[in-house]
Amino acid sequence: MIPASPKILFATSEAHPLIKTGGLADVSGALPAALHALGADIKILIPGYRQVLDKCRHATPFAQLPNPFVPGTVDLLEARLPDTSVPVLIVAYDAFFNREGGPYQMASGGDWPDNALRFGLLSYVAAWLSSQYNTTAWQPDILHCNDWQTGLAPAYLRFWPGRKPPSIMTIHNLAYQGIFGPDTVDMLHLPPESFKMQGLEYYGNLSFLKAGIFYCDRITTVSPTYAREIQQETLGFGMHGLLQERRAVLSGILNGIDTEAWDPRHDPHLPYRYDAKHLDAKTKNKTALQQALGLQVDARAPLVGIVSRITYQKGSDIALAVMHDLVREGVQFALLGTGDKVVELAFIEMAHAHPGRISVTIGYEEGLSHRIEAGADMFLMPSRYEPCGLNQMYSQRYGTPPITYATGGLLDTIMDATPENLGAGTATGFLFTAMNRHACAQAVRRAIALYREPQAWRRLQIAALRRDFSWRKSAGEYLKLYRSLAA
Ligand code: ADP
């Protein structure tokens, strides 16, 4: 029988606003909330890190189980995700999780030496809740795992007797695979027969992520294009062979964005608010941004915004080269970012060499990131790969057409300003298809040429502003997947 509203256990190692190190937390906070709003019976499962316990002081007991790996009892507590009514189950085991430092790393920087046990326990509890061992009234119909930290759960379920609801493994970042020595197989009570190529063995080690990908029923990633790209050697991080084998059950569902925090009509970070009908106020934001950043106040100079981690993945080296090439053509740049120290320094030097034309802010500043999205004319994001990406969606929502390499989620969320798309009124940005400075600079020049045609540019901005990147839409797709699996 198909349950009308399947019960979903959403296992994750971080969820905003409880604990966040990256995009996984945004998805793990927003997606369950959107599903819950659609009427889904969903519970988040998360480790009881100190930060989580501090924010969930009113948590109540939900269940108890013996720690399978070391003597002791694991308490499962139930709380609500702050500012929502989404239930959260907390794996409270102080010796593993209630400590100073980050979820994966010590304050000093290195990985926690007991990460295999810590996330082995998270995976184990996810499987336990889904299995016949869970005797509580709440029995999940679907187990939804996220990234390597929950990857062992489908493996446990496969080898345990009894109840086995279908499981989904979502890959948010294939670069992190949870690899540990072969001795961990026994330590984590995984059967020896699982330690082979057709199993969770990965070049002589145990890979949590491979376990998840191998033993789950469905694999998803955060954009349809990325789902195809990870089956190829260049972006497959060594997993492309397995992902190819499993392609019949692999698909991509785009992430959404927080459409309340990112709304030019109500954004408290902006000096002037606007919408598709009042784009003149966007120009005022440009002037304010130029003033605030010490750029020449010039309404006609195209202003290119960049907000990004400064890394090779984000193509920061390409952005630097393009600045160098285009600043002489009268283009202005406003960059906000932090990351690779050598490249940060190169950006700072570039700004010094071109005062009034290039502004570089090194750091993480929420407010400024909004003001750049609103005040810039166009947004540059030359990522070499991008599972989904958020900034290109924010920039479209702010009427600031993005310029990006045609990869992953960028390709799936931007309609290139080709003559056909421009004619149809569907164009929202600019894509380039060769990963080098010349192709990137050419795409910026293409954007500037259109920017010089105010009517055409306005159409592009309005088409971008009107796109729906809400979680509601993505949550609907996950719900469809859950229902089809529960069937
Ligand atoms: P990734 O998660 O790979 O860094 P995304 O585009 O998916 O890339 O998301 C990046 C998020 O972090 C966006 O919300 C972006 O605005 C924000 N961000 C990145 N760098 C900065 C910064 N220096 N200051 C403020 N926000 C930043």
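Strand 13 (303-310), helix 11 (316-326) and strand 14 (332-339) each supply at least two residues to the lining of the largest cavity. Helices (H or I, at least four residues) and strands (E, at least two) are DSSP runs, numbered from the N terminus. This is a predicted model, where local features need pLDDT of at least 70, side-chain atom pairs count only at pLDDT 80 or more, and totals for chains, interfaces and linings use all residues. Residues are numbered from 1 along each chain as its sequence is written, and side-chain values use heavy atoms, with hydrogens and water left out.

**The cavity**

- A cavity is a set of points on a 1 Å grid over the protein atoms alone, where a 1.4 Å probe fits but cannot get out; lining residues have an atom within 4 Å of a point.
- The whole structure was searched, and one cavity of 30 Å³ or more turned up.
- The largest cavity holds about 50 Å³ of space; a volume is the space filled by probe spheres set on the points, which are joined across faces, edges and corners.
- Strand 13 gives the largest share of this lining, with four residues.
- The lining includes Ile306, Arg309, Lys314, Phe347 and Pro382.
- By class, seven lining residues are nonpolar, three polar and two charged.
- Ala, Val, Leu, Ile, Met, Phe, Trp, Tyr, Cys and Pro count as nonpolar, Asp, Glu, Lys and Arg as charged, and the others, Gly among them, as polar.

**Asn67**

- Asn67 sits in the loop between strand 3 (60-66) and strand 4 (73-80).
- Asn67 is buried, at 6% relative accessible area; buried means under 20% (1.4 Å probe, protein chains only).
- Its side chain reaches the backbone nitrogen of Phe69 at 2.9 Å.
- Beyond its neighbours within four places in sequence, Asn67 is in contact with residues including Tyr93, Phe96 and Leu121; contact means heavy atoms within 4.5 Å.

**Paired strands**

- Two strands pair if DSSP finds at least two bridges between them.
- Strand 1 (residues 7-11) pairs in the parallel sense with strand 2 over five bridges, and with strand 6 over four.
- Ala11 stands opposite Leu45 in strand 2 and opposite Cys145 in strand 6.
- Strand 2 (residues 41-47) is largely enclosed by the rest of the structure, because six of its seven residues are buried.
- In strand 6 (residues 142-146), five of five residues are buried.
- Strand 6 also runs parallel to strand 7 (residues 167-171), joined by four bridges; there, His144 has Ile168 as its bridge partner.

Key
1 Å grid on protein atoms, 1.4 Å probe; cavity = no way out; pocket = protein on both sides within 12 Å on 5 of 7 lines; lining within 4 Å. Buried < 20%, exposed > 50% of the residue type's maximum accessible area, 1.4 Å probe, protein only. Polar contact = N/O pair within 3.5 Å; in protein donor to acceptor, adjacent residues only side chain to side chain.
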